[in-house]
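Please look at the sequence and the model first, then read the points below.

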Amino acid sequence: MSLRNLFRSNWSSDERLEGKVVVITGANTGIGKETAIDLAKRGAEKVIMACRDMEKANAAVKDIIESSGNKNVVCMKLDLSDSKSIREFAEAVNKDEPKLNILINNAGVMVCPYGKTADGFEMQIGVNHLGHFLLTYLLLDLIKKSAPARIINVSSMAHAWGSINLEDLNSEKHYNKNKAYAQSKLANILFTHSLAKRIEGTGVTTYSLHPGVVQTEIGRHLNSFQQIVMKAISPFTKNSVQGAQTTIYCAVEPSLEKENGRYYSDCAAANCSAAAKDDNVAEKLWELSCRLLSITWE
């Protein structure tokens, strides 16, 4: 638990989710899995875990059903580093699901060595931002049809150290894995701001959040020094259950129905960086994202 959390009372809610269909990306481990358990316990009509590794996902489904007592948990293949996979997943959801009330864009990669997605994007901006941007675009009509509905983008406080390099979004000229991660997390918040404006009045709302410094598998690419630092601060970090609380808060808290486009941390509205409030950069990033993905999203 963080020092900040020591002075904040824990949020809890008995809000139920009967009749609600949920999609969570990257739900086979860490905070995504804990989010799935919680929302299943709340009686969600269906929880769809969108995962790349189906072997791990199938094992996680069994755990989640056992922990929650809700049998309506399924996994579907989704590789956010491949637009073909994203389109196939969205097509299946649009065809088979009559509604989608909560979309949680949770999956991510962190400070990984330089690599490219199937579409040629730098891996962190490709998975963390562009993959979720395309997924949301493809599911938005179904989400609007299901209103009231919510779209939640899991960002990070690391956004504060980031900037959007519109001239070299894919870090082809120079790659720094920490800067690329921070850029992708900043992109999550800018996307949330721009999306909020576009869905105003539709009954769909969107939120971004920092889950806390959480000890999960996402940190597997940290270098030796970063791992030592993480170990040193581990008494003040969160476990996966604690790390999932702000995502769950954004998914179910009734008072947020009147909010749209804001950033949250520790189950409360929080301040994001000045760069994360730059509407001009947000719009340019939106246009660039559409261009890179060959979509038209006004």
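Threonine 206 is in contact with Ile151, Asn153, Thr192, Leu195, Ala196, Ile199, Asn260, Gly261 and Arg262, leaving aside its neighbours within four places in sequence. The model is a predicted one. Threonine 206 belongs to strand 6, and the points below start from there.

- Threonine 206 has 0% relative accessibility, so it counts as buried.
- Its side chain reaches the backbone oxygen of isoleucine 151 at 2.9 Å.
- Asparagine 153 is part of strand 5.
- With a relative accessibility of 3%, asparagine 153 also counts as buried.
- Apart from neighbours within four places in sequence, asparagine 153 is in contact with Asn105, Asn188, Phe191, Thr192, Thr206, Tyr207, Ser208 and Leu209.

- Eight strands form an open sheet in the order 3-2-1-4-5-6-7-8, and their pairing is mixed.
- Strand 3 (73–77) and strand 8 (268–269) are the edge strands, each of which pairs on one side only.
- Three bridges join strand 6 (residues 204–210) to strand 7 (residues 263–265), and the two pair in the parallel sense.
- Within strand 7, tyrosine 264 stands opposite leucine 209.

**Helices on the sheet**

- Helix 5 (residues 123–145) lies across strand 1 (21–25), strand 4 (102–105), strand 5 (149–154) and strand 6.
- Helix 5 runs at about 175° to strand 4.
- Helix 8 (residues 240–252) also packs on the sheet, where it touches strand 4, strand 5, strand 6, strand 7 and strand 8.
- The direction of helix 8 makes about 160° with that of strand 5.

**Helix 6**

- Helix 6 covers residues 177–198, and its 22 residues should span 32 Å at 1.5 Å a residue.
- At the start of helix 6, a side-chain oxygen of asparagine 176 comes to within 2.9 Å of the backbone nitrogen of asparagine 178.

**Nonpolar cores**

- The largest nonpolar core has 39 residues, and those touching the most other members are Phe89, Phe133, Leu139, Ile143 and Trp297.
- Two or more residues of this core come from each of strand 1, strand 2 (46–51), helix 4 (83–96), helix 5, strand 5, helix 6 and helix 9 (279–293).
- Helix 5 gives the most to this core, with eleven residues.
- Phenylalanine 89 touches Val23, Ile48, Ala50, Met76, Lys77, Leu78, Leu135 and Leu139, when residues up to four places away in sequence are not counted.
- Another core, of 36 residues, lies apart from the largest one and includes Ala40, Ala57, Ala60 and Ala244.

**Isoleucine 164**

- Isoleucine 164 sits in the loop between strand 5 and helix 6.
- Its relative accessible area is 15%, and because buried means under 20%, isoleucine 164 is buried.
- Isoleucine 164 and lysine 284 are separated by 120 residues in sequence, yet their C-alpha atoms are 9.8 Å apart in space.
- Beyond neighbours within four places in sequence, isoleucine 164 is in contact with Leu169, Gln183, Leu186, Ala187, Leu190, Val281 and Leu285.

Conventions:
Residues numbered from 1 in each chain as written. Predicted model: local features only at pLDDT ≥ 70, side-chain atom pairs only at ≥ 80, totals over all residues. Heavy atoms only, no water. Helix = DSSP H or I, 4+ residues; strand = E, 2+ residues; numbered from the N terminus. Expected span 1.5 Å × (residues − 1). Polar contact = N/O pair within 3.5 Å; in protein donor to acceptor, adjacent residues only side chain to side chain. Pairing = 2+ DSSP bridges. Contact = heavy atoms within 4.5 Å. Axes fitted to C-alpha atoms, helices over the stretch in contact; angles between N-to-C directions. Core = buried A, V, L, I, M, F, W, Y, C linked by side-chain atoms within 4.5 Å. Buried < 20%, exposed > 50% of the residue type's maximum accessible area, 1.4 Å probe, protein only.
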